[in-house]
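Here's a quick briefing to read with the model open beside you.

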Amino acid sequence: LDLVVDVIRNPTFPAPQLEREREVQLAGIRAQKDEMLKSAFKTMRRGLFGDAGYGLDMLGTEESLTKLDSPNVQAFYRKLATPDNCVLAIFGDVDTKKVKAAVEEKLGRWQSGSSIKLTNDAPLLSEVKRVGETRDKKQAVLIIGFPGTTIYDADHYPLEMLQEACSDMGSRLFVRVREKLGLAYYVGAQQLLGLQPGIFGFYAGTEPDKVAQVETEMLKETALLRADGVTAEELKRAKAKIVGQKKIARQDLG
C-alpha cells in the first residue's frame with residue numbers, strides 16, 4: 001500500500017522512461033493504420049465529433065506525442081489525478097475493515113481537486129455526412145454510423161441486443177450481404193457507449209468497387225430494422241449469446 005500511494009501521489013515521470021513509453025505509443029499509432037476496421041471507426045468518430053471527445057484518438061497523434069515532456073505530463077497528472085476522479089480497487093483474501101482503515105490513513109489527507117466536467121451533447125446531424133480516407137489497400141471498409149446513447153440511458157440495452165443480433169454468423173447482415181450476395185468479407189454492428197452520447201454503427205469489409213452496392217444493401221436492412229424491428233428468433237439468439245458472455249465474464253475476479 002505504501003508503494004501504491006507513493007506512485008499515485010508522487011510520480012516523477014523520469015525522462016528515459018517517458019521516452020520509452022512515447023516510442024511504444026508511437027508504434028501503436030503507426031500500427032493502427034494497418035488495421036482497416038479500427039482506422040475506419042476512428043475516421044467516423046472524427047467525422048461525427050470533430051477534434052474533441054470521442055473524435056480524438058486515445059493514443060494521441062504523432063505530433064502531440066512529440067511535444068510531451070516530463071514537466072507537462074506531471075502538470076496534467078496533478079490536474080486530473082485527484083480523489084474526485086479516482087477509484088481504488090482492492091480484491092483478494094483480505095480483511096475489508098482493516099483495508100479500509102489502512103487506505104483512509106494513507107490517503108485521507110489527499111486534497112480534492114477539480115472534478116471532470118462533462119456535457120451531454122449528442123452530435124448534431126441535419127443531413128447525411130460522408131467522410132473517407134484512401135489507403136494503398138485492396139480492401140475497403142464501409143461504416144454507416146448513427147448518433148448513439150449513454151451508459152445511463154435505458155436504450156443502450158436494446159441497442160446491445162441489436163448489436164449482437166446483427167453481428168454473428170447467423171445475422172441478417174451476414175446472411176444477406178455476405179452469404180447470399182457475396183459482397184463482403186465480414187459484416188456486423190458496434191456501439192460506442194460512455195458518459196456522453198456515443199455512436200451505433202453497421203460495418204462491412206468489402207472490395208473497393210463494391211462499396212456502393214454494399215451500402216445500398218446495408219441501408220435496406222437498416223430500413224427493415226427501423227420499420228419491423230428484429231424477429232423473435234433474432235432476439236432469442238441475441239439474449240442467449242449476451243447472457244452466456246456475462247456468465248463467462250463473472251469468472252474473472254478482477
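Is glutamate 160 buried or exposed, or partly exposed? It is partly exposed, because its relative accessible area is 24% and the partly exposed class sits between buried (under 20% relative accessible area) and exposed (over 50%), using a 1.4 Å probe and protein chains only.

Some ground rules: this is a predicted model, where local features need pLDDT of at least 70 and side-chain atom pairs count only at pLDDT 80 or more, while totals for chains, interfaces and linings use all residues. Residues are numbered from 1 along each chain as its sequence is written, and side-chain values use heavy atoms, leaving out hydrogens and water.

**Salt bridges**

- The structure has 19 salt bridges, each being a side-chain nitrogen of Lys or Arg within 4 Å of a carboxyl oxygen of Asp or Glu.
- Glutamate 160 pairs with lysine 246 at 3.6 Å, N to O.
- Glutamate 164 and lysine 241 form a salt bridge at 3.1 Å, N to O.
- Glutamate 164 counts as buried at 12% relative accessibility, whereas lysine 241 is partly exposed at 39%.
- Arginine 237 meets aspartate 168 in a salt bridge, with the closest N and O atoms 2.9 Å apart.
- Here arginine 237 sits in α10 and aspartate 168 in the loop between α7 and α8 (172–180), 69 residues apart.
- Arginine 237 is partly exposed at 26%, but aspartate 168 is buried at 16%.

**Valine 73**

- Valine 73 belongs to helix α5 (residues 70–80) and is buried, with 17% relative accessible area.
- Skipping neighbours within four places in sequence, valine 73 touches Phe13, Leu18 and Leu68, contact meaning heavy atoms within 4.5 Å.
- Valine 73 and threonine 12 are 61 residues apart in sequence, yet 9.3 Å apart in space, C-alpha to C-alpha.

**Nonpolar surface patch**

- Leu1, Val4, Leu88, Ile90 and Val94 make up a nonpolar surface patch with about 390 Å² of accessible area together.
- Patch members need over 30% relative accessible area and no salt bridge; like charges are joined within 9 Å, nonpolar side chains (Val, Leu, Ile, Met, Phe, Trp, Tyr) within 5 Å.
- Accessible areas come from the Shrake-Rupley method with a 1.4 Å probe, and for residues only the protein chains shown count as cover.
- Leucine 1 lies in the segment before α1 (2–9) and is partly exposed at 42%.

Terms used. Helix = DSSP H or I, 4+ residues; strand = E, 2+ residues; numbered from the N terminus.
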